[in-house]
Amino acid sequence: MLPYNIDHVAIAVRDLDATLADMKSQYGAEPVSREIVESQGVEEAMIPIGGSNVQVLQPLTPDSPIGRFLAKRGEGLHHIAFAVPDIDAAIEHLKSTGARMIDTETRIGGGGHRIAFVHPSAFAGTLVELVEGAT
Ligand code: CO
């Protein structure tokens with residue numbers, strides 16, 4: 001079940017445009033995609049860095065998961081996404097280790113990929129996203 005890549009590292013922000021402008025001026029990095037993902041209540045952009053990406057998340061509403069995260073903890077690191085070849089097998093494996101899952105069934109994330117979240121209590125307080133078949 002070894003992930004084959006860090007698909008992305010995600011940060012939660014209040015102002016997506018301002019953050020993308022900072023990424024461009026500070027690192028010369030620009031997004032390859034930007035989309036609204038209604039199911040997660042976010043507008044998100046993917047910025048490739050080497051073999052991985054930085055994902056920037058802006059909430060669509062204050063009562064969405066990212067909106068609540070910002071209210072509680074402010075801007076910053078939100079989750080790490082591991083790319084896995086078979087997400088169903090990965091979920092089953094994690095469950096067998098006793099890891100607490102937020103999603104025991106996959107859902108569809110940005111780019112149409114199948115994703116699932118693992119509760120932060122499973123991994124040093126860090127929210128982990130599994131992404132099937134990305135980067
Ligand atoms: Co993500």
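**Entry 1: the model.** I am working from a predicted model.

**Entry 2: the cobalt ion.** I looked up which atoms hold the cobalt ion. His8 (NE2), Gln55 (OE1), His79 (NE2) and Glu129 (OE) coordinate the cobalt ion, at 2.0 to 2.3 Å. I then checked the angles among the four donor atoms, and they run from 82 to 174°. I noted the site as irregular.

**Entry 3: spacing.** I wrote down the pattern of the donor residues in sequence: H-x46-Q-x23-H-x49-E. His8 lies in strand β1 and His79 in strand β5, 71 residues apart, and this pair links distant parts of the chain.

**Entry 4: the two histidines.** Are His8 and His79 buried or exposed? I put the cut-off for buried at under 20% relative accessible area. His8 has 2% relative accessibility, so His8 counts as buried. His79 has 3%, so His79 counts as buried too.

**Entry 5: helix α2.** I moved on to helix α2, residues 65-73. Its buried residues are Ile66, Gly67, Phe69 and Leu70. Why do they sit on the same side of α2? They cover an arc of only 160° around the axis, which puts them there. I recalled the general rule: an α-helix has 3.6 residues a turn, so residues three or four places apart point the same way.

**Entry 6: around α2.** I asked what the buried residues of α2 pack against. The partners are β1 (5-12), β3 (42-49), β4 (52-59) and β5 (76-84). On the face turned away from the buried side I found the exposed residues Ala71 and Lys72. Just after α2, I noted that Gly74 takes a positive phi of about 80°.

Key. Residues are numbered from 1 along each chain as its sequence is written. This is a predicted model: local features need pLDDT of at least 70, side-chain atom pairs count only at pLDDT 80 or more; totals for chains, interfaces and linings use all residues. Side-chain values use heavy atoms; hydrogens and water are left out. Buried means under 20% relative accessible area, exposed over 50%, partly exposed in between (1.4 Å probe, protein chains only). Helices (H or I, at least four residues) and strands (E, at least two) are DSSP runs, numbered from the N terminus. The arc is that of the directions from the helix axis to the C-beta atoms. Contact means heavy atoms within 4.5 Å. Donors are N, O and S atoms within 2.8 Å of the metal (3.2 Å for Na, K and Ca); water is not among the atoms, so sites may look incomplete. Four donors count as tetrahedral if all angles lie between 85 and 135 degrees; four count as square planar and six as octahedral if opposite donors are over 155 degrees apart and all others between 65 and 115; anything else is irregular.
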